[in-house]
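Good morning, everyone, and thank you for making the time. I would like to go through one structure with you, beginning with the overall picture and then moving to some details.

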Amino acid sequence: MEHDWAETEKKRKRDVPVDSTLQWSQWQLLDSILPTGGFAHSFGLEAAIQSRLVSGPEDLKTFIIHLLENTGSLLLPFVYSTTTDPTLEKWQELDRILNATLTNEVGRKASVSQGSSLMRVAASVFTEVPSLKSMRDVSIASPGVVSFHHAPVFGLICGLIGMDSGTSQRAYMFMTMRDVISAATRLNLVGPMGAAVLQHQIAPLAEDLFKKWMNRPVEDACQTAPLLDTIQGCHGYLFSRLFCS
Amino acid sequence: METGKVVVEKVRGKSTVTRSFSKYPLKLIFPRKVGPSETDAVWIYTLTYGGGIVSGDSISVEFTIGDGCTAVLTTQSSTKVYKSLGSKSSDQVLEARIGSGALFVVIPDPVTCFSTARYSQKQVFRVVSDSSLVIVDWFTSGRHASGEKWDFELYRSTNHIFVEGNQPVFLDTVVLEQDSPVSIAERMHDYQVIAMVIIYGPKLKHVQDQVQENVKRLMSQQLHIPSSAKTNSDPAFIASCSVFGPKGMGVVIRIASTTTESVYKFLHHQLAGMQPLLGVSPYS
């Protein structure tokens with residue numbers, strides 16, 4: 001107890017220079033109130049439940065960890081590259097590569113719909129970065145050039161509002177975890193309190209996975225959970241469903 | 001370094017192997033009589049000395065399938081990847097160019113990595129707008145009959161398809177490594193086989209349509225079992241289809257199964273529509 005208190009006190013008194021504008025923007029970007037449609041997706045969890053692969057809280061935890069590892073290995077490279085080089089050319093190039101990389105139709109469509117919403121919201125919200133709106137306008141004017149996949153859009157926004165690439169990649173893991181846990185509560189796998197406890201339990205594992213897959217070039221992007229990918233592809237075969245993916 | 005090369009071209013109107021070479025540890029054979037003589041298809045078998053890939057082996061093959069030709073690449077048994085010595089890994093690289101109106105069919109047996117094995121394979125296919133292509137890429141948990149399940153150190157498999165101008169159409173890499181917060185066995189539940197089937201191009205439209213319909217029917221039935229009748233175990237066979245590429249030219253089927261036999265059966269059944277093109281139906 002004494003020790004804990006001393007540690008917290010030390011941390012609290014640390015003098016860290018804060019870019020206050022950036023911090024407000026960061027929090028808003030990660031806030032679940034931001035209307036990006038993330039909560040319409042279960043990342044394959046709904047299909048996994050209906051095919052009996054996930055049937056209780058313990059299975060759920062395993063599912064989330066696998067999902068986070070796959071997010072790290074497959075998508076963090078795209079977030080990293082666009083955050084560090086948030087230009088129109090880089091973004092369009094990475095969007096095309098990701099479009100060929102997301103070979104699972106369910107996942108690909110989910111990525112496009114979330115990415116399009118996020119770009120639309122960000123262009124209207126972060127008006128202090130006019131290039132967000134101009135990049136969006138240019139891309140909409142020439143259809144087919146960009147599909148608006150989620151990970152490169154997210155990285156682009158982070159880069160343009162001045163977030164560092166470590167934070168943007170960690171934030172991407174956080175959002176994925178947030179959205180899948182939210183889906184789990186609506187699928188009645190856990191209650192809201194249990195979900196919050198679970199989220200905090202998984203955080204250190206998510207941090208390990210983030211460290212393992214951070215700062216990689218897109219050439220390294222890979223699938224690490226082929227079973228999950230197969231299951232997610234079954235989403236379209238479900239007779240009744242709550243989620244889009 | 002290159003260990004093999006094959007060129008297939010039209011000679012007097014027939015698909016013919018016009019150039020080929022292979023060297024240790026790879027051997028290529030071209031049996032003459034695989035199908036009826038009126039079928040225009042070249043069959044190519046790859047063999048490795050000692051029946052498998054030894055730690056440190058590096059195999060690199062290049063295929064050129066000329067305009068209008070049909071070629072099938074297959075194996076006679078599963079590719080075994082033996083235990084690795086130290087941190088040495090084994091790798092296989094395949095590069096193929098598929099010409100206009102040509103069809104290349106890659107239908108091997110699965111890769112089986114023994115415990116501690118480290119294996120990496122990369123297949124790159126360069127197609128033009130009217131080439132056709134079938135790729136089956138699959139692997140098992142190991143010698144699961146003798147208790148080795150997902151016991152290898154590393155398995156990496158890359159399949160890339162590019163159209164003219166180096167535009168990517170399909171980029172896929174699966175990496176399973178033991179050095180991860182979650183072990184491979186845990187990630188795989190009770191499944192022993194993971195397979196991917198890619199069917200691309202105009203010659204295979206009928207096969208694509210058939211497979212999509214069959215998989216949808218199979219999985220819908222399986223998923224509609226009322227929850228009261230459901231057992232607690234995972235389904236023994238899961239498959240899902242996705243369309244990809246410009247104008248939806250390609251279909252990819254992903255499969256997870258508890259047995260190798262059921263995947264052989266599935267492949268045989270779903271690819272049977274190719275028999276007129278190849279002379280023999282795949283996996284028969």
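This is a predicted model: local features need pLDDT of at least 70, side-chain atom pairs count only at pLDDT 80 or more; totals for chains, interfaces and linings use all residues.

Chain A has twelve helices and zero strands, so that, read along the sequence, its pattern is simply α-α-α-α-α-α-α-α-α-α-α-α. The radius of gyration of chain A is 18 Å, close to the 18 Å that the globule rule gives for 245 residues, and chain A is therefore as compact as a globular protein of that length. Along its principal axes, the C-alpha trace of chain A spans about 55 × 45 × 30 Å. Of the 245 residues in chain A, 49% are buried, and if we take the contacts in chain A with a separation of 6 or more, 84% of them are between residues 24 or more positions apart.

Let me turn to the helix pair. Helix 10 of chain A, residues 165-186, and helix 11 of chain A, residues 192-213, have axes that come within 10 Å and cross at roughly 150°. Because angles over 145 degrees count as roughly antiparallel, that is how helix 10 of chain A runs relative to helix 11 of chain A, and the crossing of the two is right-handed. The residues that meet there include A:Met173, A:Met177 and A:Ile181 from helix 10 of chain A, and A:Ile202, A:Ala206 and A:Leu209 from helix 11 of chain A. By class, this contact has eleven nonpolar, three polar and one charged residues.

Which residues does A:Leu68 touch, if we do not count those up to four places away in sequence? They are A:Met173, A:Thr176, A:Met177, A:Ala206 and A:Leu209. A:Leu68 itself is in helix 4 of chain A, residues 57-74, and it is buried, because 26 other C-beta atoms lie within 10 Å. The C-alpha atoms of A:Leu68 and A:Ile202 are separated by 9.9 Å, although these residues are 134 residues apart along the chain.

Finally, the two chains: 36 residues of chain B are in contact with 32 residues of chain A. On the side of chain B that touches chain A, the elements giving two or more residues are strand 15, helix 2, strand 17 and strand 18 of chain B, and the largest share, nine residues, comes from strand 15 of chain B. The residues on that side of chain B divide into 22 nonpolar, eight polar and six charged.

Notes. Residues are numbered from 1 along each chain as its sequence is written. Chains are lettered from A and ligands numbered from 1 in the order in which they are written. Axes are lines fitted to C-alpha atoms, for helices over the stretch in contact, and angles run from 0 to 180 degrees between N-to-C directions. Helices (H or I, at least four residues) and strands (E, at least two) are DSSP runs, numbered from the N terminus. Angles under 35 degrees count as roughly parallel, over 145 as roughly antiparallel, 65 to 115 as roughly perpendicular and the rest as oblique. A crossing is left-handed if the near helix is turned anticlockwise from the far one by less than a right angle, and right-handed if clockwise. Two residues are in contact if their C-beta atoms, placed from the backbone, lie within 7 Å. Ala, Val, Leu, Ile, Met, Phe, Trp, Tyr, Cys and Pro count as nonpolar, Asp, Glu, Lys and Arg as charged, and the others, Gly among them, as polar. The radius of gyration is taken over C-alpha atoms; the globule rule is 2.2 Å times the number of residues to the power 0.38. A residue is buried if 20 or more other C-beta atoms lie within 10 Å of its own, exposed if 12 or fewer, and partly exposed in between; C-beta atoms are placed from the backbone.
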